[in-house]
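Reader: I have a new model to read. Can we start with overall form, then take the sheet and the interface?

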Amino acid sequence: MAAPKKSATKETSGEKAQGNGSSSPPEFTRDQELSALRDMLLIRRFEEKAGQLYGMGAIGGFCHLYIGQEAIVVGMQMALKKGDQVITGYRDHGHMLATGMEAKGVMAELTGRHGGYSHGKGGSMHMFSKEKNFFGGHGIVGAQVSLGTGLAFANRYRGNDFVSLAYFGDGASNQGQVYESFNMAELWKLPVIYVIENNRYAMGTSVSRSSAQTDFSKRGVSFNIPGEQVDGMDVRAVKAAGDMAVAWCRAGKGPYILEMQTYRYRGHSMSDPAKYRTREEVDKVRHDQDPIEQVRNRLLAAKMSEQELKAIDAEVREIVNAAADFAQHDPEPDPSELYTDIYR
Amino acid sequence: MPIQVLMPALSPTMEKGNLSKWLKKEGEAIKSGDVIAEIETDKATMEVEATDEGTLGKILIPEGTADVAVNTPIATILADGESAADLGKAPAPAKQEKAAESVPPAEAKAEAPASKSGGGEEKKAPSAPKAAAEPDPEVPAGTEMVTMTIREALRDAMAEEMRRDPDVFVMGEEVAEYQGAYKVTQGLLQEFGAKRVIDTPITEHGFAGIGVGAAMAGLKPIVEFMTFNFAMQAMDQIINSAAKTLYMSGGQMGCAIVFRGPNGAAARVAAQHSQDYSAWYSQVPGLKVIAPYSAADYKGLLKAAIRDPNPVIFLENEMLYGHSGEVPKLDDYVIPIGKARIVRTGGHVTIISWSNGMSYALKAADELAKEGIEAEVIDLRTLRPMDTDTLVASVKKTGRAVTVEEGWQQNGVGGEIAARIMEHAFDYLDAPVARVSGKDVPMPYAANLEKLALPSVAEVVEAAKAVCYR
């Protein structure tokens with residue numbers, strides 16, 4: 001398995017779904033389906049609420065929503081074990097919720113309140129949880145790739161079998177430090193999975209306009225890092241690819257690249273009118289490939305009732321509403337917090 | 001006429017070397033390109049190739065001789081048809097003016113330590129610690145002192161901390177098998193192995209990020225930059241990732257990491273390799289910035305930096321690596337970060353500097369003393385956090401201050417010091433604070449221009465006299 005193995009996927013014109021290639025992935029058990037559904041729904045509802053609060057002025061600055069990409073973090077998290085580390089860029093709310101961070105603490109950070117994970121000092125793009133092994137939340141495109149490689153370095157240094165997941169987008173894939181990291185990761189056989197979330201647009205620039213090699217699974221070829229393209233809209237495919245990559249890393253074989261083919265429904269950030277793509281393009285993906293609908297449909301086909309599914313949605317909405325309520329009523333950080341946490 | 005082979009300068013900062021081995025014997029034929037001898041510099045053992053053809057006539061410096069100055073004749077080569085009888089005709093030993101030109105700035109030369117049994121000609125040149133009027137408060141009275149180079153002090157500091165804490169490791173370019181581009185990490189690979197002494201590819205941005213990531217996971221990396229000039233490539237990781245994470249995470253996640261390496265001007269390496277980053281890094285909250293001068297401070301402060309739970313920028317100076325000083329022989333000599341040191345007491349003017357700037361400051365103080373001006377010289381040692389109290393207390397006593405730095409003046413550390421003195425001791429000042437600094441130009445290559453671009457002892461003397469209205 002030294003050579004890159006990838007599902008046969010052609011460059012899409014932007015209309016057709018990506019990565020819907022070859023054979024269908026292994027089926028989930030009913031429990032897995034339910035768990036994936038619940039986790040993806042939590043992210044979706046959370047992000048919808050965050051968008052709403054942003055519109056109300058409760059959230060400031062930059063806010064990058066994860067809607068449409070939920071299957072990636074949820075599927076990958078299902079492949080991990082406790083102690084594995086996760087790090088990502090600025091589109092990070094989904095990653096935090098998937099690692100088990102509390103919706104309340106994340107939302108309160110978005111509103112800049114004391115009860116936020118960083119006491120309001122980090123905001124949307126800079127949140128961390130030592131307890132959940134979530135290492136941020138990084139605002140500089142590509143920086144998390146070197147940092148995530150460093151997390152893997154620490155695992156290898158300590159001789160444990162933990163794996164680090166470094167998430168980044170198709171845009172960050174063109175940053176120089178990504179390749180510096182690839183080189184060292186393979187040279188030192190570091191247990192890191194590079195999860196490239198290819199949502200087709202680096203802010204407003206489509207992949208074909210920014211990237212000479214648009215098959216991101218091949219980006220590690222010159223370093224001998226194997227890679228694979230994955231249907232990032234199908235949580236089962238994500239989990240299967242994650243299982244395989246995690247096993248590769250835990251076995252001490254070095255890094256692995258997973259290109260997750262996905263789509264973001266919203267603009268790059270809240271202030272992005274997304275004029276670089278058509279309404280039809282967005283609607284088509286939503287209609288044909290939505291990661292949550294895929295699971296819902298399978299559960300319905302397996303004789304789960306609409307009622308039961310609604311109950312899950314209601315439970316998730318309750319969590320999100322409670323988080324939003326907390327985030328709007330929790331006090332702002334004490335002015336003395338301005339000068340804390342600069343040095344230890 | 002026989003040709004003289006001169007002791008070559010094998011690196012920009014080399015002033016002398018050890019003639020470790022002759023590979024040709026007297027009377028042996030030599031072709032251009034033949035390796036005739038091995039010379040050990042402060043950085044590496046290098047081979048000397050002949051550039052002339054003939055016969056090795058006489059070896060003037062036997063093998064095993066230490067501290068042979070650059071441009072000293074080490075052998076004579078006889079051309080075809082010449083014999084030993086012609087040896088006396090060799091030209092007189094290399095002309096002084098030529099030597100002076102090809103040797104790095106005179107400041108560094110005058111400071112050359114007499115650590116080994118070299119010639120007796122360098123008996124003046126007081127080194128910094130000896131000039132200290134104030135005993136080091138960190139060292140108990142009666143402590144035995146050991147003379148060592150700054151290079152050795154740095155290595156010992158790292159080795160001691162690595163023995164003490166298995167989470168400490170060193171990474172950087174050429175730190176392991178090459179034994180350090182400037183030999184600072186010499187012997188660490190042999191003692192600690194490749195797991196903890198790690199050669200990296202030449203990718204500063206990437207390995208700085210990997211170091212920061214490893215630190216976020218709880219390890220304590222020492223990241224060596226071959227020089228801080230190359231750390232410009234890594235600045236995003238140093239500032240955006242290392243310095244800010246503790247704050248951005250609300251105190252949850254920090255980064256105990258040391259970024260170290262030579263900073264500032266070396267000798268004759270021109271604009272891209274001669275920049276002083278004191279001001280750049282010391283502006284950033286979240287970083288600690290250390291820039292020592294004496295061997296003891298190099299050791300004690302590097303140990304403190306490695307133990308510190310915060311990201312620390314440790315600015316060394318290549319010109320000082322070979323300088324020797326006395327280091328206390330203590331099991332665990334750690335100097336607190338953030339404390340300046342009064343290296344020489346005086347009542348007329350306060351001269352404030354750090355790192356190699358101290359060499360100008362101390363020599364200027366000697367000169368000023370001859371004219372009856374007693375300067376108090378303060379080695380800042382740490383730039384962030386800055387020990388304002390010590391500076392202010394001194395200026396309250398002297399009423400006058402001069403700052404000395406190799407970096408540029410605009411937005412420099414000297415400007416910051418002047419502002420603090422103005423804020424805290426305005427009523428005590430008898431003259432405006434004077435700043436001696438590097439000139440407002442990229443570092444030139446030509447020896448004379450380079451010298452002009454750097455501060456000089458004369459400039460410090462002049463500034464001190466000016467603030468004393470003398």
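Reader: How does the radius of gyration of chain A sit against that of a compact globule?

Author: The general idea is to compare the value with a rule based on chain length. This is a predicted model. A compact globule of 344 residues would have a radius of gyration near 20 Å. Chain A has 19 Å, so the two agree. Along the principal axes, the C-alpha atoms of chain A fill a box of roughly 55 × 55 × 40 Å.

Reader: What share of the residues in chain A is buried?

Author: Burial is a neighbour count: 20 or more other C-beta atoms within 10 Å. In chain A, 54% of the 344 residues are buried.

Reader: Which secondary structure elements does chain A have, by number?

Author: Chain A has 11 helices and seven strands. Take the contacts in chain A between residues at least 6 apart in sequence: 76% of them join residues at least 24 apart.

Reader: Now chain B. In what order do the strands of its seven-stranded sheet run?

Author: The order in chain B is β11-β10-β12-β13-β15-β14-β20. The sheet is open, and its pairing is mixed. On average, neighbouring strands are turned by 20 degrees against each other, direction ignored.

Reader: In what sense do β10 and β11 of chain B pair?

Author: Strand β10 (residues 168-172) of chain B pairs with β11(B) in the parallel sense, over three bridges. One residue to look up is B:M171, whose bridge partner in β11(B) is B:I198.

Reader: Which strands does helix α6 of chain B touch?

Author: For a helix on a sheet, ask what it touches and at what angle. Helix α6 (residues 204-216) of chain B touches β10, β12 (220-224) and β13 (257-262) of chain B. Its direction makes about 165 degrees with that of β12(B). Helix α10 (residues 295-307) of chain B lies across β10, β12, β13, β14 (288-290) and β15 (311-316) of chain B. Helix α10(B) runs at about 155 degrees to β15(B).

Reader: Last, the interface. How many residues of chains A and B are in contact?

Author: Count each side, then ask which elements supply it. Here 31 residues of chain A contact 34 residues of chain B. On the chain A side, α5 (143-158) and α6 (176-187) of chain A each supply at least two residues. The largest share, 10 residues, comes from α5(A). By type, the chain A side divides into 13 nonpolar, 13 polar and five charged residues.

Methods
Residues numbered from 1 in each chain as written. Chains lettered and ligands numbered in written order. Predicted model: local features only at pLDDT ≥ 70, side-chain atom pairs only at ≥ 80, totals over all residues. Contact = placed C-beta atoms within 7 Å. Helix = DSSP H or I, 4+ residues; strand = E, 2+ residues; numbered from the N terminus. Nonpolar A, V, L, I, M, F, W, Y, C, P; charged D, E, K, R; others polar. Pairing = 2+ DSSP bridges. Axes fitted to C-alpha atoms, helices over the stretch in contact; angles between N-to-C directions. Rg over C-alpha atoms; globule rule 2.2 N^0.38 Å. Buried ≥ 20, exposed ≤ 12 C-beta atoms within 10 Å, placed from the backbone.
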